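Hello,

Here is the structure I promised to pass on. Please look it over first, then read my notes below.

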Amino acid sequence: MQQTYGISDLARELDITPRTIRFYEEQGMLSPERRGQERIYSARDKVILKLILRGKRIGFSLAECRELIELYDPVHGNRKQLDTFMRKIDERRAQLDQQLLDIQQMQIELDNAEERCRNALAALDG
């Protein structure tokens, strides 16, 4: 018998709120089995949630997470998913490198502005 989870159990295990799980369900990323009002999540749902959470932690958009999830195919070794994930990692790393350069440039500009202000204040005082 396949492992299943209630929403509270799954939320506790992944350290997220049930509301977070319902949000991803509303977005069409999860489709738990229903038993009356109760949601029953499968091991696949748990893997999908882990992929979403990992993707969000490294800065992927919900659309990017969805794309990766749609490629999930454990029967065929997930080759396409892994290749896509690697490409997205490279893209994200390039974005972060550019952001870091932008921040460093902004710091230089702030230093220059601060120095000009200090010099102008010193000229006023002296």
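Predicted model: local features only at pLDDT ≥ 70, side-chain atom pairs only at ≥ 80, totals over all residues.

The protein chain exposes about 9,100 Å² (Shrake-Rupley method, 1.4 Å probe). Carbon and sulfur atoms supply 52% of that area.

Residues are numbered from 1 along each chain as its sequence is written, and side-chain values use heavy atoms, without hydrogens and water.

Now the overall form. The radius of gyration, taken over C-alpha atoms, is 23 Å. A compact globule of 126 residues would have one near 14 Å (the rule is 2.2 Å times the number of residues to the power 0.38). The C-alpha atoms fill a box of roughly 85 × 35 × 20 Å along the principal axes.

The chain has 5 helices and 3 strands (DSSP runs: H or I of at least four residues, E of at least two). From the N terminus, the order is β-α-α-β-β-α-α-α.

What sits inside? The largest nonpolar core has 20 residues (buried Ala, Val, Leu, Ile, Met, Phe, Trp, Tyr and Cys, joined through side-chain atoms within 4.5 Å). Ile21 and Leu49 touch the most other members. Helices H1 (7–14), H2 (18–26), H3 (43–57) and H4 (62–70) each give two or more residues to this core.

Best wishes

Technical notes. Buried < 20%, exposed > 50% of the residue type's maximum accessible area, 1.4 Å probe, protein only.
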